Amino acid sequence: MAIKFEHVSFQYKSIDNKGYLALNEVNVAIENKGEFITLIGETGSGKSTLVQHMNALLTPTKGAMNIFGIKISSKSKENKNVKFNPIRKQVGLVFQFPEYQLFEETVEKDIMFGPKNFGVNEREAKKRAREAIAMVGLDESYLERSPFNLSGGEKKRVSIAGILAMEPDILILDEPTSGLDPRGRDALLKVFYDIHTSLNKTVLIITHDMNTVYEYARRVLVMREGELVYDGDPVKLFSRTNVDNWNLDVPDIIRLKQALETEFKLDLSGTIRNKQALLKRLEELLS
Amino acid sequence: MKVVIGRYVPGTGFFYTMDPRTKIIALIILMVATFLIDSLMLMLIAIGLIVLLMIVGKIGIKRVYLGLRPLMFLLMFTFVFQVLFNRQGDILLKRTVFYSPLSLLLGIGLIVMWLFTKKFTRFKLFYFVAVIAGVFYIFTELGDLNPFAQSTLAIYEEGLFMAMFIMLRLIIIVTLSTILTITTKPTDLNLGLEHVLKPLKVFRINTEDIAMIISISLRYIPTLLDEANKIMLAQASRGVDFKEGKLKDKVMQIVSLLVPMFIISFKRSDELANAMEARSFVPGAKRTRLHVLAWKTLDSVTIVVALLALTLSITLRIWPWI
């Protein structure tokens, strides 16, 4: 297990000392290879707080976590000798807004910033910048441009490239597709899926888009008021009772399938995750 | 946050119901009165009156003390400076100071010891005074150990008097302004300031704009702090360790925080300007207020009392001890 949370709770401090319980007794384990996970939940349910624990930006107020063999407890005394930086190299976290991290004069320098912080030399960092920019689907001419003159989608890609160049074992993305047009969103999701399949890395995505959840993920985590209420297969998640319990949107493909079943009395049983699979099934039935 | 100056603390008591204009004007009048006082005795009476005012107004003396704490260094500095360099009046104390290698070593050792152990004691002020006395003893009494230089330390009556006088004056001024900021919300303070500054319109200074600038800056302090925190987290994800690092790395760390900070602030101000324009904000146009300030009897009484204090201090300045 690369990441293991045991009864992790986190309370935000506030002036009136009441505090806000953002995480409540979360138990979760994540492999360092081959997982594609989506994390869903309403705003304020503790999704971002949870992922910020995964690379030790925040440490639990109760419970313990183990990230790549490094133990982090809720007691600040025990965490004193813990080196947090190696964790951040292994677990790459991309924040929702690229504006919070872009600062260099050129895109290339900005992408190189992360690797260089972890002791990678100049030449290797340059090489990684070229690889990373290609991975996120931008061509090399972007390397010489200023990160502030890019469009929203391009900034987002550059910020993701900045984390990819650190070559983390686990890649976590906080709402990477928010504010993008449908085509850009699909292209970016494809990028993450390719990283997952070609490099066999674990990718975790926070999203509000149920279609993404249903089509790509084999595992889905559902947060609700600071608690992890579901951890498992997305197909089971979208059964009637769960959808009612947690106010979830139903993915388009399931709606289409159900409509076809009731209108035309077609037998579409079995898991159909995307359009292609549905079309294939329909062709089978017609022939 | 440990800084108490300029921080509103919710509470009850008559200071809270007072009009912000009254508080600002009274503060100015009382400050002038404080500067007119020229005897230590009157200064002590003034301090006594302020403490009485705080008790009646239900303001914790501890809070005001916390407000004074960041100024301790300044107070100490002016005190020591006055005591050592003001050479008027009778000599109170005269000692020869010897500088020998051993006494220098002992003195520095004692101060270093104080620096490292002051965290662990509960009687910080007492400990500090004891260390100062110790250093004084080392330099004045242990003079027989081959001194390579010597000088005279003399404390004059006037020096001690002036030192205490200036310290008390500073304490009074800071206490008065702390009372104002503790009991007035930043928005009310700003509104009061706008009204008080109105006469400046004669000089073609647009006080409404100044007030608007102040209130927007106050509004955005927590937002920007929040933003800075998010940037720090995002950069920490990229391996920036804000706690450690060499000097060269530190510069880079600060740049990686400041550049996004600037860009986000400019973006925010641009968005705010658009939002204000979308709601038909015209700079300098006549506007009505949501909260209209109302002048009460309490306010008139306060101003009259403050003016009385001013007249009294002027009178005592012209005819001391009538």
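In chain B, the domain assignment, whose bounds come from an automatic or database source, gives domain 1 (1-88 + 159-206 + 294-322), domain 2 (89-158) and domain 3 (207-283). This is a predicted model, in which local features need pLDDT of at least 70 and side-chain atom pairs count only at pLDDT 80 or more, while totals for chains, interfaces and linings use all residues. Residues are numbered from 1 along each chain as its sequence is written, chains are lettered from A in the order in which they are written, and side-chain values use heavy atoms, with hydrogens and water left out.

Within chain B, the centres of domain 1 and domain 3, taken over C-alpha atoms, are separated by 33 Å. Their contact (heavy atoms within 4.5 Å) takes 10 residues from domain 1 of chain B and eight residues from domain 3 of chain B. The area buried between these two domains, that is, the accessible area (1.4 Å probe) that two parts lose on being put together, summed over both, is about 880 Å², and carbon and sulfur atoms give 61% of it. On the side of domain 1 of chain B, N190(B), E194(B) and N206(B) supply 59% of the area buried against domain 3, more than any other three residues.

Across this domain interface the rule for salt bridges (a side-chain nitrogen of Lys or Arg within 4 Å of a carboxyl oxygen of Asp or Glu) finds zero. Polar contacts, by contrast, are pairs of N or O atoms within 3.5 Å, where within protein one must be able to donate a hydrogen and the other to accept it, and residues adjacent in sequence count only if both atoms are side-chain atoms; here five residue pairs, both at pLDDT 80 or more, meet that rule.

We turn now to the interface between the chains. Chain A and chain B bury about 1900 Å² between them, with 62% of it on carbon and sulfur atoms, and in chain A the residues Y100(A), F103(A) and F113(A) lose the most area to chain B, together 36% of what that side buries. The contact involves 22 residues from chain A and 20 residues from chain B.

The salt-bridge rule finds two such pairs across the interface of chain A and chain B, and in a salt bridge the side chains of R238(B) and D110(A) meet at 3.0 Å, N to O. Between the two chains there are eight residue pairs in polar contact, both at pLDDT 80 or more.
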